[in-house]
Amino acid sequence: MSDASGNFNRTQYRLGFWLLLAPIVLWLSLLIILPHIDMVLVSLRERIASRQYGFSFGNYTAFFTEPLYWNTFVRTAVMSIVATVLTLIIAFPVSFYIAKVLTGRPRIALFILCLLPFWVSELVRTYGWMILLRETGLISGALQWFGLADQPVEMLYNDVAIMVGLIYTSMLFMVVPLVTTLDSLDNSLIEAGYDLGGSSWNVMRSIVIPHAMPGIMSGCIVVFMLTLGNYLTPTLLGGKSSLWFTEQIYTQFITRFNWEQGAAFGILLLILSSLIVWLGLKITRQSFTRVMS
Amino acid sequence: MIPSIPSSRFFRVSYLSYVTLFFIFLITPLVVVAAFSFNDALFPSLPWNGFTWDWYLGKGEPRLGLFHDDALLDSIGVSVQVAIVTTMASLALATCNAFLFEREQFPGKNFLYVLMLMPLVIPGVILGVSILVFSSTVANWFEVQFGYEIEALRPGLVLVTLGQFAFLTTIATLVISARLRKFDITQEEAAMNLGASRLTAIATVTLPFLKPALFGAGVVAFLMSFENFNTTLMLVGSDAPLTIAMFDRLREGSTPVLNAVSVLLMVGSACLALISLFVQRPAKP
């Protein structure tokens, strides 16, 4: 009898396994894998006549021969890297302050204060910067009031405005992993570094930063990806001059209805983003699974 | 550098002022948005003309307040619907995934896990575009083969929901798996020794244990769905969720009614944050 029930349990268990496996396979294949395969196929075709398509690399050659596309792509990549580095530089001292200088209640309070803006939609945050930076905005008003400018100053619609917005939007994704890894560093290691005669800079470079590397890396990867794929901030803060690659994708798909070209752009952006994530992981010898979880 | 290491007064003061400046940088845009929702002027800009409730309660143009602006209210309704469906669906699948990855051993598990993480590294715009392309392919194929048009596969709320579901499930899976990992499986075995079937044991012992994680993941999924822009933008049809409606108005240049919506969003998020903090707080004996 026990044998029979054992067998029954096993079949039930196997059935349970297939029932658990089916939804995830459906989800990943129907919403992630097949759509991307289809996008690759669409990017490799060319409209010959109405509803007639032929195989062609034309959409990719168009990307490399049209300077506007190519420049926008490089510009987006470079600005994203700069934004990531700046976010890291700004966030690191603050994270260190929260994780190592403060203790007890002020520390929790300040950490929550850091998270607070990110409970609010990115749209609202960007809108805040628009109100601050525009010609009739607060900063322009303040400059005039202090006599630093004698007429309204337009600070929107340039690269600095885009950069400020991108850094602001990404801050959370840098501060949280940094605070978490810095928090796990034992203070006595820092003290030991000083006792052995290290200067602040030495201790920072050979103890704190190596320990924080996993946090730095996962922060940078997430910030870079979010920046590269951002649409809202460049469009609203950069206006017509923003030249962001996601805007090109949007234009091809929605405005020009040239899906083949848009799909090719999408694939190129995906390749760039994966490549940089992969490089980042290789350089610091981190595993993808660990960084993401 | 750290409190136990002596440092110069100059260093401490400048460090503190840097951190203070950082928090001013963090808070100012939100304060500004909130403040201008009460400014008695047609545009959210200086000068300050005095306090008004018009942007919440105003009854007609040009001072149509939030609570009488049907277009905006409708879009909030659309967003809430999408967010509820997406949250429920992603929680259900994420719970299955958590059990699959924490309890089962099978060949290709690591590969599947990496695949499961993929939606996190795909930019939202591209996720949206790929689903748009694929659903059109399927819809066109059906139309040619069977002469039947599947409306749901054309841009609209169904696709928006699917697109958001595609990446929110990953986030929910990570949260729920982390909690399930801490579960002591002997509790479940004890329930089964006492005569419960496996499903009963999971329903009465394991799921209650997972409740804080389910709730936390649910709040995060709801908020991320409500605030999602990139994926939604590519898949949206004629019914615009709030973020899309706000974006369109922002580009045109709008009245401070947008500030009023923003304040509403801040209050809503703050409430959700408070509730989730309260629920996830460890129970006191």
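Guide: B:F101 counts as buried, because its relative accessibility is 5%. Buried means under 20% relative accessible area, exposed over 50%, and partly exposed in between, with a 1.4 Å probe and protein chains only.

Visitor: What should I know about the model and the numbering?

Guide: This is a predicted model, so local features need pLDDT of at least 70 and side-chain atom pairs count only at pLDDT 80 or more, while totals for chains, interfaces and linings use all residues. Residues are numbered from 1 along each chain as its sequence is written, chains are lettered from A and ligands numbered from 1 in the order in which they are written, and side-chain values use heavy atoms, with hydrogens and water left out.

Visitor: Back to B:F101. Which helix is B:F101 found in?

Guide: Helix α3 of chain B, residues 70-103. Helices (H or I, at least four residues) and strands (E, at least two) are DSSP runs, numbered from the N terminus.

Visitor: What is B:F101 in contact with?

Guide: Leaving aside neighbours within four places in sequence, B:F101 contacts B:K109, B:L112, B:Y113, B:M116 and, from chain A, A:I24. Contact means heavy atoms within 4.5 Å. B:L180 is 79 residues from B:F101 in sequence, with 9.9 Å between their C-alpha atoms.

Visitor: How many residues of chain B are in contact with chain A?

Guide: 82 residues of chain B, against 81 residues of chain A. The size of an interface is often given as the accessible area lost when the parts come together. Here about 7,700 Å² is buried between chain B and chain A, and carbon and sulfur atoms give 81% of that. Buried area is the accessible area (1.4 Å probe) that two parts lose on being put together, summed over both.

Visitor: And how many salt bridges between chain B and chain A?

Guide: The count is 0. A salt bridge is a side-chain nitrogen of Lys or Arg within 4 Å of a carboxyl oxygen of Asp or Glu. Over all chains, the search finds 7.

Visitor: Which residue pairs with A:E260?

Guide: A:R45, at 3.1 Å, N to O. A:E260 is buried at 5% relative accessible area. A:R45 is partly exposed at 25%.

Visitor: What does A:R107 form a salt bridge with?

Guide: A:D183, and the closest N and O atoms are 2.8 Å apart. That one also links distant parts of chain A: A:R107 sits in helix α4 (residues 104-115), A:D183 in helix α7 (residues 159-183), 76 residues apart. A:R107 is partly exposed at 23%, and A:D183 is partly exposed at 37%.

Visitor: On to open space. How much lies in the second largest pocket?

Guide: About 620 Å³. Of its 27 lining residues, the closest to the centre are A:F257, A:W259, B:S136, B:N140 and B:R154. On a 1 Å grid over the protein atoms alone, a pocket is an open set of points with protein on both sides within 12 Å along at least five of seven lines, and a cavity is a set where a 1.4 Å probe fits but cannot get out; lining residues have an atom within 4 Å of a point. Grid points are joined across faces, edges and corners, and a volume is the space filled by probe spheres set on the points.

Visitor: Which element gives the most to the lining of that second largest pocket?

Guide: α5(B), with 7 residues. By class the lining divides into 17 nonpolar, 3 polar and 7 charged. Ala, Val, Leu, Ile, Met, Phe, Trp, Tyr, Cys and Pro count as nonpolar, Asp, Glu, Lys and Arg as charged, and the others, Gly among them, as polar.

Visitor: How many cavities of 30 Å³ or more?

Guide: The structure holds 1. The largest cavity has about 40 Å³ of space. Its lining has 8 nonpolar residues, with no polar and no charged ones. Among them are B:L168, B:I171 and B:M224.
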